[in-house]
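Please walk me through how to read the model shown here, feature by feature.

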Amino acid sequence: MTALLDIQGLTKRFGGLTAVQDMAFCVARGEILGILGPNGAGKTTLFNLLTGFIRPDAGRVVFNGQDLAGRTPAQVVNQGLARTFQLCRPFVGMSVVENAMVACYSPRGRATGEAPRERALRMLDDVGLAHKAETPAELLSYGDQRRLEIARALATDPLLLLLDEPFAGLGASEIEPLSALIRRLHAERGLSILIIEHKLREFMQLVQRVVAIDFGELIAIGDAQDIVRHPKVVEAYIGKTEADLATA
Amino acid sequence: MKITLRQSLALAAALALLAAVPWLGSAYMTGVFTVCLIYAIWAMGWDFFSGLTGRENFGYPLFIGIGAYATGYLDANHGISPWLGLFVAMGMSALLGLAIGFPTLRLKGPYFALATLAAAAIAQRMLLILWDITGGEEGIQGLTPLVLDTVRYYYLVLGVALASGAVLVGLSRSRWGLLLRAIRGDEASCQAAGINVTFYKIAALVISAVFAGLGGALYASYQMQVSPQIVSVLMLVAVVTMVYVGGIGSVYGAAGGAIVLSLLGEMLRSAGEYRLLVYALLLIVVIFFLRGGLVAPLWRRLGKGATP
Amino acid sequence: MTDILVHGAVTSAIYAMLAVGFTLVFGVARILNLAHGAFYMLGAYFTYLFATLLGLPLALAALAAIAATAGLGWAVERWLIRPQRDSSMAVMMVTMAFLLVAEQVLLVTFGSEVVNVPAFADAKFSLGGADIGGQQLLTLATAVAALAVLWLLIQRTRAGAAILALSQDPLAAQYMGIPIDRVYGRVVALSAALAALAGVMAGPFLSTSPHMAMPALTKAFAIVIVGGLGSLPGSILAAILLGYAETAVAYLVSSSWTEVVSLAAVLLTLLLRPAGLRGKRAAF
């Protein structure tokens, strides 16, 4: 069975700096693949390349059998590849349900045949925000803003969801519910997920396979348990000493 | 659209008064209100794009002008009926909207405002340079009015204004309004939500332009002439002041602002040469003290309370 | 040919003085000061007021005019722009309104006729076959001197360093303790002074009327779009390009087509290279 997402030889340079170097891996349908790497490793750049926000200097991205070359971010989303941002960006001055409705008006969202407002409310219900539908989006707690981001992404009926550090900035009490939500979305909808995250404990609970990145290059790929013990990965994060990653 | 009893009454009263203008006032006042309603169309058109997206279209008079000049030129030089001219005007301003929208809407923030302002200022100069087509300083004279009777002209414009208001306010409350406000909020997030931002921006600008051109054609035919003044900064300031007074972003408020300021303008008629000075000072006052406008907050105040 | 060379230089000089201030304000404070054209106009009118109507010696009148306009510029920043800084639309509308107020006040006070601003030098010279007035040559010299002084100010003084810092990173500059409000006020005053200087020098040979503010503003931002908003070298470069292009068109084609030059330049810039010749911050 062909992979849902096939990244081939992806490279991006910014002036003298090579942010992503010859990146290549696949995401299978229905799997949760994690991306691990220290700050500055090129993870968000990779997401921006995959979602059409920046153009690669070399390589290609094949999603669901389609080459994504030259597509705008909106076009990529309408192919079924949705993302959330590291910094939550709700639409200010609009309510929570209005925020979700925006995504329901995308061509792909409309293609589901559901009335936008109904679909928006259903997405909010899925992420547990239905009771806050009329709240101004900027008044939400950070954890709720994260959920809203996910609801917006879900409204576009994605096949693959890219989550960029979904647990960043969340308090201890907000992390577990969000993790449970992600697991539930994966189980109930068969949603494929590609996730960048630093919080190793939550990361390990969610992902099946892991891609480890450092300095824009793929340094290891494999099952989660194997990767965290991989010497190159340990070295990238902590230096040449053994670490307690194995106990995560 | 939910509307309260008080709002319905207020709206009905306003419509009744507008319908009764020719009976309540002199022929002169009917004329004043005719122009006022054309300004209402212009103001709503501007608010639909700039008020919702937050991108200041300072070249708006260009769209007004092309509508006016298109119908004027065809009427004076080719005897084309001003009724047909209305549609030509709308078509021309739509095309101009596309032509200007494509290169400028990619630009961020102040660049768009600057570019559109420059375009309008330069276009006004071009009107003078191309005097053999446009009539230069004097413009084009002796145009045919759409209807000969002042009262009938008023009702014609009232009808067009109401229809325009219905369309523009309706759009602003539909997905158009939602998406345009989202685009104002965060374009990247809109793209991440699968929305073709460029399409909506350009389409909204074209819609705004069409109504500007329509108003321009109505105005030219009413005044039976068209002059470069219609593409001036003063026109822009007048329209924007009306929108501010009405409540920027509400679209319906713009119409109310047009009425308020037209009445004010009439009261200031005695100020003679000081009129424009007062307008400019008024704009400063409005920006400082009435940022949310007068009409929209009033309407919302009427909206509080039981629905029927 | 020498006509174009010489007169083109004068036009470029005036344009440079106009555009540099406008771009400075945008580069530092990120605002479009639409009152800018008014400062040019007021420089000329204040000189007329002080010299012709109040009888002051010309040099004194000119200095007073520049000082008065700079003060007005500072006041506009302090009382019109600063309270509205959260909304770029409000800033543009309020500065535009100021331009209109200035225009109307002058119209009502002095009438719409052209007024005669006294010149420093009435003599006519002949430079390599080109006829040029003394005032125009003086304008050219003044512009060069003023821009040199500006460059020194920005590169060599602490105040200049503050301006540079603010234009690069307002937040960091604030953390460094730079008083941004004070710097903004100074920058607007400085830009007003430059525009006023252009008005003082050019007023005598260009028509001075209450309607000169808008065209000056349009010209300033055409230059600044072409040169790149926020780039001083860009503005100077664009001023020279447009100044010479317009002069060439005026001599070779017809003087009524000079406006087409700015239009074409602006359109080309927006279509091909929206950031302008030397725009640091890309337009998108």
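**Reading the model**

Q: How many helices and strands does chain C have?
A: Helices (H or I, at least four residues) and strands (E, at least two) are DSSP runs, numbered from the N terminus. Chain C has 11 helices and 2 strands, and along the sequence they follow the pattern α-α-α-α-β-β-α-α-α-α-α-α-α. This is a predicted model, in which local features need pLDDT of at least 70 and side-chain atom pairs count only at pLDDT 80 or more, while totals for chains, interfaces and linings use all residues. Residues are numbered from 1 along each chain as its sequence is written, and chains are lettered from A and ligands numbered from 1 in the order in which they are written.

Q: Why is chain C called as compact as a globular protein of its length?
A: The radius of gyration is taken over C-alpha atoms, and the globule rule is 2.2 Å times the number of residues to the power 0.38. Chain C has a radius of gyration of 18 Å, close to the 19 Å given by that rule for 284 residues, so it is as compact as a globular protein of that length. Its C-alpha atoms fill a box of roughly 55 × 45 × 35 Å along the principal axes.

Q: Is A24(A) buried, exposed or in between, and why?
A: A residue is buried if 20 or more other C-beta atoms lie within 10 Å of its own, exposed if 12 or fewer, and partly exposed in between; C-beta atoms are placed from the backbone. A24(A), in strand β2 (residues 17-27) of chain A, is partly exposed because 13 other C-beta atoms lie within 10 Å.

Q: Which residues of chain A touch chain B, by class?
A: Two residues are in contact if their C-beta atoms, placed from the backbone, lie within 7 Å. Here 22 residues of chain A are in contact with 16 residues of chain B. The largest share of that side of chain A, 4 residues, comes from α3(A). By class, the side has 11 nonpolar residues (Ala, Val, Leu, Ile, Met, Phe, Trp, Tyr, Cys and Pro), 5 charged (Asp, Glu, Lys and Arg) and 6 polar (the others, Gly among them).
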